[in-house]
Amino acid sequence: KKPLCPIPVMPAVMSSARVARGASARAPARAPGRQSSRCSPLSRSRVYASSETVTDDSLAALNIKYAIPGSVEFVEGREGLPAVKLTHACGASAEVYLFGGCVMSWKQATGDEVLYVRPDAKFDKSKPISGGMPHCFPQFGPGEMQQHGFARNLDWEVSSTSADVNPDDKDPCVEITLRDNEYTRAMWDHAFELHYSITLHGEELQTEYRVINTGDKPFSFQAALHSYFEVVNIKLAAVEGLGGMKYLDKVADAENPPTKEMPNGTLTFAGPVDSVFENSPSEVSLLVGNGAGIALQQTGFTDTIVWTPWEDMPDCYESFCCVENAKAVKPVTLDPNDTWNATTRFAVYTA
C-alpha cells in the first residue's frame, strides 16, 4: 500500500525547523540556542504549549490547556486511560497513552493500523501495556531493577503540543515528560528528565527521545522503544538491512548470549528469535507479508533488536513482530547537566 500523503525521502536527521516551546521549569541551564522542546506552536497569537505543569489531569483540563482543533485532542483510551490523539490533515493518526508514555496506535490515512497490541494487554495499570511502542528505560531486559525499567509503568506529564505553522501541512506533535520521583529513586537513585516527542509528518511517525541528567552525579542507562508491528503472518515477514551482521542470540542463552553472525540477505522467521544487533545500520525495514514494508530509521539509538516469542505466545505470535530501536549493548553515561538525544522515523511503503 502506497502512502496517500506525500512523504519525502527520509534524511539522515530530523528537521530542526521547529520553534521550541514548553521548557520544563526543572530543566538545568543550557547552552544558548539549545531547545528544550521539539513541539512548535500553532501560531504566535495562540500558544497552546506551556511551561506550567497541569495539576488537573482530567481530559477537560488537558484539552483546555493543550488541544489544537483538528490536530491534537485528549481522549479516553481503553479502560478510561487518558490518551492524546494526533490527527494529520491527510487522515493519518496516532494515539499516545500517558500511562507508560506509550504510542498505542499509528494509522495510515486509509485507516490501516501499523502497530499491534497483544490480546493479553492490561489497561488497569497493574502492569505495563503489552503492545504499541512501550519504553525500556533506564534498563533494557532483566537486571538490578524490574524488567525493562520503570518508564513503561508510570504516568507521564504533558509538556507541550503543537501543529506546524505551515497552514498547508500541519504536523501535530505532543511532547510528554517523565521525571524522577520517590518511586524511581527507590530503585534507581538519580535525578533525571526524559522528554519524548511524537509527531505525525504526513503518514510518517517521528519521535525524539531526550534524557537529561538533572542531578549532581553521573549516571548510566539503557533505552529502547519496544515496538510491536502488525504483520500478516510472522512466517511471511522478514527484516531487511541486517544481513552479515553480528548479533547476540538471547534464544540460545538469555543470560550469557553467544555472539553469532547472520547470513547475508533478509532475516526470516521459522522459530523464536531474540537477537540484539549492535551498531546496526541507521535504517532497516520490516516486510509485513503483503507487499508492504515499514522503514525504521534511527539516530542516537545504535542497536536494533528483533523479537518474536513464537509459540510461547500461541494466541498472538503469528500477528506481530517486534523490531526495536535501542541503546542496549553499551549503556550511555551522562554527566550532570548533560543531554542524550535519539530520534526515530517510521514510514510505510510498498515493497
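Welcome: the protein in your viewer has two helices and 21 strands, where helices (H or I, at least four residues) and strands (E, at least two) are DSSP runs numbered from the N terminus. This is a predicted model, in which local features need pLDDT of at least 70 and side-chain atom pairs count only at pLDDT 80 or more, while totals for chains, interfaces and linings use all residues. Residues are numbered from 1 along each chain as its sequence is written, and side-chain values use heavy atoms, with hydrogens and water left out.

**The whole chain**

Start with everything selected. Of the 351 residues, 55% count as buried; buried means under 20% relative accessible area, exposed over 50%, and partly exposed in between (1.4 Å probe, protein chains only). The accessible surface comes to about 14,900 Å², and carbon and sulfur atoms hold 47% of that area. These areas come from the Shrake-Rupley method with a 1.4 Å probe, and for residues only the protein chains shown count as cover.

**Stop 1**

Two strands pair here if DSSP finds at least two bridges between them. Strands of a sheet pair through backbone hydrogen bonds, either parallel or antiparallel.

For a landmark, pick I294 and find V348 of β21 opposite.

**Stop 2: E208**

Stay with the sheet and select E208, which lies in strand β9. Is E208 buried or exposed? At 9% relative accessibility, E208 counts as buried. Its side chain makes a polar contact with the side chain of N341 at 3.1 Å.

**Stop 3: strand β20**

Next, select residues 320-334. Eleven of the 15 residues of this strand, β20, are buried, so the rest of the structure largely encloses β20. Which strands pair with β20? Strand β10 (residues 219-225) runs antiparallel to β20 and is joined to it by six bridges; look for L225 opposite N325. Strand β11 (residues 228-230) pairs with β20 over three antiparallel bridges, with F229 partnering C321. Strand β19 (residues 303-308) is also antiparallel to β20, over five bridges, and there D303 has A326 as its bridge partner.

**Stop 4: the aromatic rings**

Now show Phe, Tyr and Trp side chains. The structure holds 25 aromatic pairs. A pair of aromatic rings is described by the distance of the centres and the angle of the planes. Rings (for Trp, the six-membered one) pair if their centres lie within 6.5 Å; planes under 30 degrees apart count as stacked, over 60 as edge-to-face and the rest as tilted.

Zoom to Y97 and F123: with centres 6.3 Å apart and planes at 55°, this pair is tilted. Y97 sits in strand β3 (residues 93-97) and F123 in the loop between β4 (102-107) and β5 (135-136), so the pair ties together parts 26 residues apart in sequence. Y97 is buried at 3% relative accessibility, and F123 is buried at 6%.

Then move to Y209 and W340, whose ring centres are 6.2 Å apart with planes at 80°, so this pair is edge-to-face. Y209 belongs to strand β9 (residues 204-213) and W340 to strand β21 (residues 339-350), so parts 131 residues apart in sequence are tied together. Both Y209 and W340 are buried. Widen the view to a cluster linked by ring pairs, whose members include Y209, W340, F137, F150 and W156.

**Stop 5: K125**

Finish in the loop between β4 and β5, where K125 is found. K125 counts as partly exposed, at 41% relative accessibility. Leaving aside residues up to four places away in sequence, K125 touches L81, F99 and D155. The side chains of K125 and D155 make a polar contact at 2.9 Å. As for F99, it is 26 residues from K125 in sequence and 7.6 Å away, C-alpha to C-alpha.

Methods:
Contact means heavy atoms within 4.5 Å. A polar contact is a pair of N or O atoms within 3.5 Å; within protein, one must be able to donate a hydrogen and the other to accept it, and residues adjacent in sequence count only if both atoms are side-chain atoms.
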